[in-house]
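Trainee: I have a model open and some questions about it. Can we go through it together?

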Amino acid sequence: MMYQSTRDHRLQASSTCAVLNGIAPDGGLYILDDLNDLNFDWLSVLEQEPMDMSASILAALLPEFPDMNALVHKGYEGKFSAPDLTPVVSVADRYVLELFHGPTSAFKDVALSLLPRLMTAARDVEGSDDEIVILTATSGDTGKAALEGFRDVPGTRIIVFYPEGGVSPIQQAQMTTQPGKNVCVCAVRGNFDDAQTGVKEIFAACSQRDLGHIRLSSANSINIGRLAPQIAYYFKSYADLVHSGRIKPGQPVHFVVPTGNFGDILAGYFAKLLGLPVGRLICASNANNVLTDFLTTGVYDKRRPFHKTTSPSMDILVSSNLERLLYLLSGCDNEYVASLMKQLNRDGHYQVSDAILSKLKAEFGCGCCNDAEAAAVIGRVWKESGYLLDPHTAVAWAVADQFMARRTDDAPVVVLSTASPYKFPAAVLSALGKTPCEDAFALMEQLHQHTGVPVPENLASLADLPVRHRDVIDREKMLDYVLEKVGEAQW
Ligand SMILES: *Cc1c(COP(=O)(O)O)cnc(C)c1O
């Protein structure tokens, strides 16, 4: 079974090749046509330990990789502060799936702890001795998680672009203090979509160029090697609910997912295609609610104001991974997907057919919430349940409230928690009714004093690290910047 581009079925690739390339040569995303074909034994996977579970899922989706079990164990061991990687906590009338116990306190660690292993293994399988250069645009969390994942991995370098002023001070400090001989961090004047579009254009421009022994690749969730590891925590949380006696195997569980680029929630859909009894997948957005509108009307329209919110990792107007969903729901019609993406690029909007809209509605719910509502949720959940939510998780919690008020069943509802509240201490303190102090690092201590919730070790030590990266460039200069950097023998 081969991966192929969502836009052109002639562009096929093995799983190793798809992981190495990141994006297909025509700008499409690599995808498998039918996950049902894998005949995945989802029931027996529920009995496995979290890392073995992850390895089973990855081995099914990425069959050309040798010894997935070893790759997964090496990728995760010693890096997560929770022994079961992604714990499920019961809070009030629902469950919180905590995805933030990795080395950078964001859910992206789940995938980015593995991606460098997958890439270097893929390179060995492909018999290549190219240097892998990772290009990544980040809305805040991917950048740091990718830097940490690739740091000093032999045969790789990584360049991270973030929107200047578009990430939280803690996120910025996490990136600009990043150590490692093979890492480069640069701010772009613009928003996340500018940075992401810039990176896509660099890939397109470089596909026509000879870069010698350099292979550009991506750590964004457009890479299937980034998406696939995220499927595991849906299984893991389902298994936890089975083992605690809350459900019997086969009963549905609803998941509410704070969404930006549509990677996290798409992993949930893949889990469902692999057999997991996923009930509804609820797509939660902040004020940048392009997906709420899309899932309600079938019209995707990015021509709207861009809002900077307290949940910056969800400040996204072009959700790349939606393309994969459109491909699957259109019955793998790549010409159709290509035409929609062309329209989006040219006109800034498209509309899907009624048939696709009704399929979307059958699988996905949606909702959005603004900063004030998210803040109210943080305050209320802290007061009533003594549980501290970060602003992204709070958006999902608020949308879960909307969903639970309407629904007619009593299946468990799992809210995915994507970041530690200590990554966004100012917003969280304000939500708790405190006046945040000025200094970004003192803020963490202030939040700790007020709540007693422990500060994750990686964030607590941040204030003492020297700033190593100060570059700021215009969006139009991104290609030149990359070409210059890859030409340098040493950074
Ligand atoms: C990246 C991110 C999201 C959004 O995930 P997508 O896969 O882009 O939809 C939500 N919350 C946090 C904290 C994130 O870092």
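Mentor: This is a predicted model, where local features need pLDDT of at least 70, side-chain atom pairs count only at pLDDT 80 or more, and totals for chains, interfaces and linings use all residues. Residues are numbered from 1 along each chain as its sequence is written, and side-chain values use heavy atoms, with hydrogens and water left out.

Trainee: Which residues in α12 do Tyr233, Tyr234 and Phe235 in α11 meet?

Mentor: Helices here are DSSP runs (H or I, at least four residues), strands too (E, at least two), numbered from the N terminus. Contact means heavy atoms within 4.5 Å. On that basis, the α11 trio meets Asp264, Ile265, Ala267, Gly268 and Ala271.

Trainee: At what angle do the axes of α11 and α12 cross?

Mentor: Axes are lines fitted to C-alpha atoms, for helices over the stretch in contact, with angles from 0 to 180 degrees between N-to-C directions. The axes of α11 (residues 232-243) and α12 (residues 263-273) come within 8 Å. Their crossing angle is roughly 65°.

Trainee: How far is the polar backbone atom of Asn261 from an oxygen atom of the ligand?

Mentor: A backbone N or O atom of Asp264 lies 2.8 Å from a ligand oxygen. For Phe262, the distance is 3.1 Å. For Asn261, it is 2.7 Å.

Trainee: Which strands stand at the edges of the open sheet?

Mentor: The order is β4-β5-β15-β10-β11-β14, with mixed pairing. Strands pair if DSSP finds at least two bridges between them. Each edge strand has a single partner, so one side is left without a neighbour in the sheet: these are β4 (88-91) and β14 (364-368).

Note on methods:
A polar contact is a pair of N or O atoms within 3.5 Å; within protein, one must be able to donate a hydrogen and the other to accept it, and residues adjacent in sequence count only if both atoms are side-chain atoms.
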